[in-house]
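Have a look at the model first, then read on.

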Amino acid sequence: QVQLVESGGGLVQAGGSLRLSCAVSGRTLSNYAMGWFRQAPGKEREFVAAITWSNAITFYEDSVKGRFTISRDNAKNTVYLQMNSLKPEDTAVYYCAASIRAGYPKRDREYNYWGQGTQVTVSS
């Protein structure tokens, strides 16, 4: 019902910036939130940021607050993750996800649709 395709990953030096994009297609009215997760080697997938569908309320994992910004462009059917002041510990595969659950989902099991991921590598 929902297809997600991430783009914008790459290699950047510490302190640099990247903007990830997630193109959304298919049925979207049933979505409650769009989120970004990341998974580093040897670690579990973790929540990064999300934005609710109906009222665009945003929420973030503490370590990225003030550095990352999630936003949506309805006309382009795209959700973004602007990442500034990147750190080596931000290195991971970043995934876009869509949730049909109400509230403020932060757990990966609360998301129903997933993109293929895009690699972000931050060098020190």
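Predicted model: local features only at pLDDT ≥ 70, side-chain atom pairs only at ≥ 80, totals over all residues.

Residues are numbered from 1 along each chain as its sequence is written, and side-chain values use heavy atoms, with hydrogens and water left out.

The sheet itself is open and has four strands, in the order β1-β3-β8-β7, with antiparallel pairing. At the edges sit β1 (2–7) and β7, each pairing on one side only. From one strand to the next the twist averages 20°, with axes taken as lines fitted to C-alpha atoms and angles running from 0 to 180 degrees between N-to-C directions. Strands here are DSSP runs of E, at least two residues, numbered from the N terminus, and two of them pair if DSSP finds at least two bridges between them.

| Strand pair | Bridges | Sense |
|---|---|---|
| β1 and β3 | six bridges | antiparallel |
| β3 (residues 18–26) and β8 | six bridges | antiparallel |
| β7 (residues 68–73) and β8 | six bridges | antiparallel |

Now for β8: Gln82 in this strand stands opposite Arg19, while Val79 is the bridge partner of Arg72. β8 also forms a hairpin with β7, with four residues between them, and Asn77 in the turn has a positive phi of about 50°.

Why is strand β8 (residues 78–83) largely enclosed by the rest of the structure? Because five of its six residues are buried (under 20% relative accessible area, 1.4 Å probe, protein chains only).

Note on methods: Buried < 20%, exposed > 50% of the residue type's maximum accessible area, 1.4 Å probe, protein only.
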